[in-house]
Amino acid sequence: WISMWKRYSERVRLVKLLLTPMVEVVEFRVPEGNNKTVFVWNISAAAFEEEISNSLWKTFSEFGVLYSVRVCRNASVADPGYYALVKFFSSKDAFLAQQMCNKKSLFQDFPLKVHGRSISAQDRRHFSMKLKI
């Protein structure tokens, strides 16, 4: 019962977070800085690059407007599979996507690893308080 309650609480907090109005002025030009990019790896080799790119675009565009999704094959010395760079127009959207998608099985049978650059300390405190799940 406690486990079910925790899952329910997580969902309620996520819905509240997504419904909380947060205004950010975003310029639609080539995003600069690493804090708007998330690095995704542990992507299965079972799919084609185009399928992976479409799945990543669909998944991450739920967090904000994307500038690009770039899928690359792992180096020959690594396990078979892919990694990707997903670039957002907004650093806050990138941060939220990284927090919510890391270690989640989004479009494949095993979890993805998602890493992003940090955003400003003030924004990090703001989002960390809201993301305590």
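Helices (H or I, at least four residues) and strands (E, at least two) are DSSP runs, numbered from the N terminus. This is a predicted model, in which local features need pLDDT of at least 70 and side-chain atom pairs count only at pLDDT 80 or more, while totals for chains, interfaces and linings use all residues. Residues are numbered from 1 along each chain as its sequence is written, and side-chain values use heavy atoms, with hydrogens and water left out.

**Figure 1. Overview of the chain, with four helices and four strands.** The elements run α-β-α-β-β-α-β-α from the N terminus on. Of the 133 residues, 32% count as buried (buried is under 20% relative accessible area, exposed over 50%, partly exposed in between; 1.4 Å probe, protein chains only). The chain exposes about 9100 Å², and carbon and sulfur atoms supply 54% of that area (Shrake-Rupley method, 1.4 Å probe; for residues, only the protein chains shown count as cover). Among contacts (heavy atoms within 4.5 Å) with a separation of 6 or more, 67% join residues 24 or more positions apart.

Figure 2. pLDDT is the predictor's confidence in each residue, from 0 to 100. Over residues 122–133 the pLDDT is below 50. Beyond near neighbours in sequence, this stretch has 22 contacts in the model.

**Figure 3. Asparagine 42 in strand 1.** At 33% relative accessibility, asparagine 42 is partly exposed. Its side chain reaches the backbone oxygen of proline 111 at 2.8 Å (a polar contact is a pair of N or O atoms within 3.5 Å; within protein, one must be able to donate a hydrogen and the other to accept it, and residues adjacent in sequence count only if both atoms are side-chain atoms). Leaving aside neighbours within four places in sequence, asparagine 42 contacts Tyr82, Gln108, Phe110, Pro111, Leu112 and Lys113. Lysine 113 is 71 residues from asparagine 42 in sequence, yet 6.0 Å away in space, C-alpha to C-alpha.

**Figure 4. The ring pair of phenylalanine 39 and tyrosine 83, one view from a structure with four aromatic pairs.** Rings of Phe, Tyr and Trp (its six-membered ring) pair if their centres lie within 6.5 Å; planes under 30 degrees apart count as stacked, over 60 as edge-to-face and the rest as tilted. Here the centres are 5.6 Å apart and the planes are at 50 degrees, so the pair is tilted. Phenylalanine 39 sits in strand 1 (residues 37–43) and tyrosine 83 in strand 3 (residues 82–88), 44 residues apart. Both are partly exposed: phenylalanine 39 has a relative accessible area of 30%, tyrosine 83 one of 27%. Together with Trp41, Phe39 and Tyr83 form one aromatic cluster.

**Figure 5. The ring pair of phenylalanine 60 and phenylalanine 88.** The centres lie 6.5 Å apart with the planes at 75 degrees, so this pair is edge-to-face. Phenylalanine 60 belongs to helix 2 (residues 49–60) and phenylalanine 88 to strand 3, so the pair ties together parts 28 residues apart in sequence. Phenylalanine 60 is buried at 0% relative accessibility. Phenylalanine 88 is buried too, with a relative accessible area of 0%.

**Figure 6. Threonine 59 in helix 2.** Threonine 59 is buried, with a relative accessible area of 15%. Not counting residues up to four places away in sequence, threonine 59 touches Leu106 and Phe107.
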